[in-house]
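Here is a short walk through one protein model. Keep the structure in view and follow along.

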Amino acid sequence: MADVTSPEYDAIVIGAGFSGLAMLHHLREIGQRTIVLEAGGGVGGTWYWNTYPGARTDSEFYYYSFSFSEEVRNEWVWTERYPSQPEVLRYLEFLASRLGLNKDIRLNTRVERAEYDESTRKWTVTTDSGDTLTATYLISGMGVLAEPNLPDIPGASSFAGELYHTARWPRDREVDLRGKRVGLIGLGASGVQIVPVVAEVAGELVVFQRTPNYVVASSNYTVDDEWMARVRKEYPENFKRAREHIFAVPFESPRHGAKELDPGERERIFEEKWREGGFHFMLETFSDLATDEESNHHASEFIRKKIRETVKDPETAELLCPKDYPFNGKRPPGGHGYYEAYNRDNVRLVDIREHGIDEITPDGVRVGGVHHELDVLIFATGFDAMTGTLTAIDIVGRDGVVLRDKWSDGLKTNLGLGVHGFPNFFMILGPQTPYANLPVAIQEGVQWIAGALKYARDNGITELESTKDAEEEWAAQVAEAGSATIMAKGVDANAWFIGANVPGKPIEFNVYMGGADDYFKRCDDVAAGGYRQFLGSDR
């Protein structure tokens, strides 16, 4: 156990969400004296901060959780197929308590700077209170969707009503939207989740849409005792299957491409998986939806048909149909009554794609010269994904190089785990890790990092640093894998996974599109080879 008041550690972990908690547990197992620094007032990371109405997972409970703790697997009881934010937060709080992690976590502590000292081979971390801590290893568990993307809209600061961002929803009070005129800007996963919930209580909900999304219906229901008991028995096997899947989920991979089958059979499969919902439609229908334009077109057309069947007003339905980019051109969220919400008399859709928003006024939003009066304005504009948390603070490596400056002309990492010029610095779910189900990728990442640190200790290695050649090669692999997919068209959809949702951010793949299974094998190979790609600065 670490003394949370001590300034010296073997490892400092930033963030106490899924990543930080798992990392702390595995570092303890190898005897590393570790402290976790967390900006929030409790554990949970993304699930601590994102308390907006309707927040829940797009993944089912049995693969949106860890498998490494038998005690947690056997004792925790899930209640919903797609757990809500409060339930995921309770899960992480239970995990921290059951594994005794809280005593090594310092809450309400925001890291402002971390600097590597080449003479001592130590990292010095400075917090917002002015405290300094030192450690051999610095590990980021800050998450991929944590740094809010704040829109730059004329007049935003003048709004006199209630103004909220979904990523920083008030935690200290209930937000009462009953009977109020509410405006929503942003329709990624957060916006899609918030619409049907707010629609039920608001006097009027005005949704300002720039880019329509391919929202896949998700049917939620209660987890009964029989299902929970079966999942407990299957946790290890499910994790093994997820590890071998391109998206890190325990699904069967489809055997056929969409264009290989006759229209009737293709429609039957689409319909079956649409009813099953969520990622089952995306991942269990056909093998080539992410790589073949013709097959992808069939999926896109099917979803557009579903939108037109669901939304009663033809004009609104057409505005909700994506036509400028393919299915998977941006991450498709799961919807729980999303399209149905537009059939309510109190919900209006305003198209801002062609002209944008003129301005935000003290009492509303003006679009195309039309003023929409509002009492409440909600930004659901997402995150500066993958890199945002890492570039928001000063992480300083060799020769005074700051990480954000190193990445200003393009991402360079080794497997998204380490960076040349930043010894003994590791990232959990760093940029250029796989586009996949996050808890499985996190579990793999923290176990790989723990293995690398144990190897270094057992072999007298004082610095683990990616070679320059290794990160150059990985950058090329990431670009090549991404360019072979439909996701390369994500720029047309302002997709976060290529940085297109943040003005001025370089357009490049922030994630590896070559499959989680392939990525995990590459990581295994590096470990089996004695971590040679992390054993030389080759400056």
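Start with phenylalanine 68, which sits in the loop between α2 (46-49) and α3 (70-75). The model is a predicted one. Is phenylalanine 68 buried or exposed? Its relative accessibility is 18%. Buried means under 20%, so phenylalanine 68 counts as buried. Which residues does phenylalanine 68 touch, leaving aside those up to four places away in sequence? They are Ala22, His25, His26, Arg73, Leu99, Gln443 and Gln447. Isoleucine 35 is 33 residues from phenylalanine 68 along the chain. The C-alpha atoms of these two residues are separated by 20 Å.

Next, turn to a pair of helices. Helix α1 covers residues 18-29, and helix α14 covers residues 438-458. Their axes come within 9 Å and cross at roughly 35°. The crossing of α1 and α14 is right-handed. On the α1 side, the residues that meet α14 are Phe18, Ser19, Ala22, Met23, His26 and Leu27. On the α14 side, they meet Pro439, Ile442, Val446, Gln447, Ile449, Ala450 and Leu453. Ala22, His26 and Gln447, all named in this meeting of helices, are also among the residues that phenylalanine 68 touches. An α-helix has 3.6 residues a turn, so residues three or four places apart point the same way.

Now look at helix α5. Of its 11 residues, 9 are buried, so α5 is largely enclosed by the rest of the structure. The buried residues are Ser190, Gly191, Val192, Gln193, Ile194, Val195, Pro196, Val198 and Ala199. What do they pack against? The partners are the strands β8 (181-185), β9 (204-209), β11 (334-335), β12 (347-351) and β16 (376-379), together with helix α11. Take serine 190 as one case. Serine 190 lies in α5, which runs over residues 189-199. Its relative accessible area is 10%, so serine 190 is buried. Beyond residues up to four places away in sequence, serine 190 touches Tyr52, Thr166 and Ala380.

Helix α9 comes next. It spans residues 293-310, 18 residues in total. From first C-alpha to last, α9 reaches 26 Å, close to the 26 Å expected at 1.5 Å a residue. At the start of α9, a side-chain oxygen of aspartate 292 comes to within 3.0 Å of the backbone nitrogen of glutamate 294. The buried residues of α9 are Ser295, Asn296, Ala299, Ser300, Phe302, Ile303, Arg304, Lys306 and Ile307. Their cover includes α7 (263-276), α8 (279-283), α10 (314-320) and α11 (338-341). Helix α11 also packs against the buried residues of α5.

Stay in α9 for arginine 304. Why does arginine 304 count as buried? Its relative accessibility is 8%, and buried means under 20%. The side chain of arginine 304 reaches the backbone oxygen of proline 322 at 2.6 Å. With residues up to four places away in sequence set aside, arginine 304 touches Tyr214, His297, Cys321, Pro322 and Lys323.

That brings up the cysteines. Cysteine 321, touched by arginine 304, has 3% relative accessibility and counts as buried. Cysteine 523 is buried too, with a relative accessible area of 6%. How many disulfides does the structure hold? The number is 0. A disulfide is a covalent bond between the sulfur atoms of two cysteines.

Note on methods
Residues numbered from 1 in each chain as written. Predicted model: local features only at pLDDT ≥ 70, side-chain atom pairs only at ≥ 80, totals over all residues. Heavy atoms only, no water. Disulfide = S-S within 2.5 Å. Buried < 20%, exposed > 50% of the residue type's maximum accessible area, 1.4 Å probe, protein only. Helix = DSSP H or I, 4+ residues; strand = E, 2+ residues; numbered from the N terminus. Contact = heavy atoms within 4.5 Å. Expected span 1.5 Å × (residues − 1). Polar contact = N/O pair within 3.5 Å; in protein donor to acceptor, adjacent residues only side chain to side chain. Axes fitted to C-alpha atoms, helices over the stretch in contact; angles between N-to-C directions. Left-handed = near helix turned anticlockwise from the far one by under 90°.
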